[in-house]
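Please look at the sequence and the structure shown here.

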Amino acid sequence: MTMETGVVVRWLVSEGDVIKTGDIIFEVETDKTTMEVDALEDGTVLKLYYPEGAVVPVNTPVAYVGEKDERIPELSEFVPDPDAVSAGSAAAGSDAPAAEVKAEIKEEEKAPEITYDYDLTVIGAGPGGYVAALRAAQMGKRVVIIEKNELGGTCLNRGCIPTKSLYACAREWRRVNGAKSFGITVEGAAFDWEKINGRTKKVVKKLTGGVGALLKRGGVEIVIAEAKVADAHTVIADGVSYNTANVLIATGTTPAKVLRDMGDIDVLDTDRALFLDKLPESIAIVGGGVIGVEMANIFSAFGVKVTVIELMDRILPMTDEEISDTLTKKLKRLGVEIITGKSVVSGKMAEGKAVLALSDGSTVEAESVLEAVGRCVADGAFSELPLKRSAKGFVEVDDATLETSIKNVYAIGDITGRLQLAHVASEQGVAAVEHMFEGKRATVHPVPSCIFTEPEIAFVGIAEAQAKAEGKDVKTAKFPFAANGKALTLGETEGFVKVVADARYGEILGVHIIGPEASSLIAEAVVAMDCECTVESFAGIVHGHPTLAEAVKEAVLGVGTGSLHI
Ligand SMILES: Cc1cc2nc3c(=O)[nH]c(=O)nc-3n(C[C@H](O)[C@H](O)[C@H](O)COP(=O)(O)OP(=O)(O)OC[C@H]3O[C@@H](n4cnc5c(N)ncnc54)[C@H](O)[C@@H]3O)c2cc1C
């Protein structure tokens, strides 16, 4: 289902050959396999549309079989743009088929080659932009990357890394407080918020410095300035014009601001909330999505009274229901108040506290308010470019090439409106560059999502409810960490692994984990799904003991022959 192209490896017939149903006519190679393709009808091979080595999109005719003297349709009658197909390197001899002949004619008609100062200009040095620049440099291209703030983008400076540093501190502090259950007495334990903040800044600095070093080592020119795309081959920054063969826009997003009528409340966004000089005594977090719950987990660890207000009927609405239920219960046990199905309609300051009025007429009081309701496209670099955009302002791209509606202008990362995750941005960056310089088309791969709460959450593929809504016939099974030896030794027995598999063929369609090290455990599920692994083949994979990964295997066994340890 995920294949997009195939390579015509070898023709086993020639034009004029008379063939019978079942005769092998050619070999095709895809990213999964190489196979022989047989004739579906008797007839005469009237036309081979592609030479050996051609990369052809799926569902494209490669040959025409019919009656002798029948009119042979042009390839363009089937395919809107036959020239978009790569003719490949293997030549097909003197009677070369149409696609190759066309390619030769095009060569002659080609206008004189225009030269550019750069092969690629990247705008934005987040995980999308800087990884794309590194890959292009690796391919020997002349690359300039233009960043208006710090290298590393949202991820390193205001997102993944500072949250995970604070998460690590929160986890450590909870461990210290829970040491008693391990027979360890800790006296005089305390945390120092200033030092925690300092540690986070140090981690960020080390990583952003690392990105700079990697780019320099790769020979990428770094420019710190605000950039604007003038046209497909011109980018302007700081009054300098960059003449470039390709432009890659990776400008990311900024925190969305939807709260209205908030009086004189100083509403925090995540950019500021990650680096507070002083912890508030209480905080109301508007938004129970990934960022909202991660921040709730962090603040609650340090004794802040947290209230999460979520518009939907549950926090983390994008996760499996059982996972969001488990986390809700855990956060409540940690003292977090969770209000769902309500929105904030207004707010004001009263006696030094923010008072938020909710849609049902109730109020929430807190010292600080954090708005964590999503992200807006940062479009300053391309606001005047006639790029095709979605209703929400995301830049529309072809998922296989990452090219926008303007040739030679590519877009990746958060601005494309796909999953707003750092690893998605990076993979898109590599795919864009490989299409730009090698003509490769990206294929679809399962993407994991990780949420850093206690316990951690990670998932890949479809959830049970989604499978059922789509009418898929699935089997599910769950294995609790309470029955896993390693989890017991760690004292982290909350949560489970849940597997969703196709009922008929046993293909693993989704894995959902809430529990210790879920963010690392999910990698195994991603590999299994990428390899289209079935429940049966997974059951034969040997797992070390005692490990948390055994819980993944047990959950998979649960949809097959049955879990053994429960
Ligand atoms: C609090 C928080 C926690 C997160 N945690 C995770 C996590 O744990 N895991 C995960 O996978 N994802 C996480 N994310 C999401 C992740 O940060 C983003 O998906 C990722 O950073 C997107 O990468 P990007 O390259 O598209 O854009 P960005 O990282 O946003 O980078 C864009 C860059 O472009 C620059 N720029 C913008 N306009 C211009 C211009 N005109 N000229 C020059 N430069 C410009 C910006 O300054 C910025 O540096 C988190 C996000 C937040 C906010």
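Two strands pair if DSSP finds at least two bridges between them. Four bridges join strand E16 (residues 305-310) to E17, and these two strands run parallel. The model is predicted.

**The sheet and the helix**
- Strands E17-E16-E15-E21, in that order, form an open sheet of four strands with parallel pairing.
- Strand E17 (337-340) and strand E21 (368-371) are the edge strands, each pairing on one side only.
- On average, neighbouring strands of this sheet are turned by 15 degrees against each other, direction ignored.
- Glutamate 310 has threonine 340, in E17, as its bridge partner.
- Helix H7 (residues 290-301) lies across strand E15 (282-286), E16 and E21, and H7 runs at about 170 degrees to E15.

**Aromatic rings**
- A pair of aromatic rings is described by the distance of the centres and the angle of the planes.
- Rings count as a pair if their centres lie within 6.5 Å, and the count comes to six aromatic pairs.
- One of these is the tilted pair of tyrosine 118 and tyrosine 242, with 5.9 Å centre to centre and 50 degrees between the planes.
- Tyrosine 118 lies in strand E8 (residues 118-123) and tyrosine 242 in strand E13 (residues 240-249), so this pair ties together parts that are 124 residues apart in sequence.
- Tyrosine 118 is buried, at a relative accessible area of 15%, and tyrosine 242 also counts as buried, at 7% relative accessibility.
- Trp173, Phe191, Trp193 and Phe302 form one aromatic cluster.

**A charge over a ring**
- Lysine 478 has its charged end over the ring of phenylalanine 496, 4.8 Å from the ring's centre.

Terms used
Residues numbered from 1 in each chain as written. Predicted model: local features only at pLDDT ≥ 70, side-chain atom pairs only at ≥ 80, totals over all residues. Heavy atoms only, no water. Phe/Tyr/Trp six-rings, centres within 6.5 Å; stacked < 30°, edge-to-face > 60°. Buried < 20%, exposed > 50% of the residue type's maximum accessible area, 1.4 Å probe, protein only. Lys NZ or Arg CZ within 6 Å of the ring centre and 35° of its normal. Axes fitted to C-alpha atoms, helices over the stretch in contact; angles between N-to-C directions. Contact = heavy atoms within 4.5 Å.
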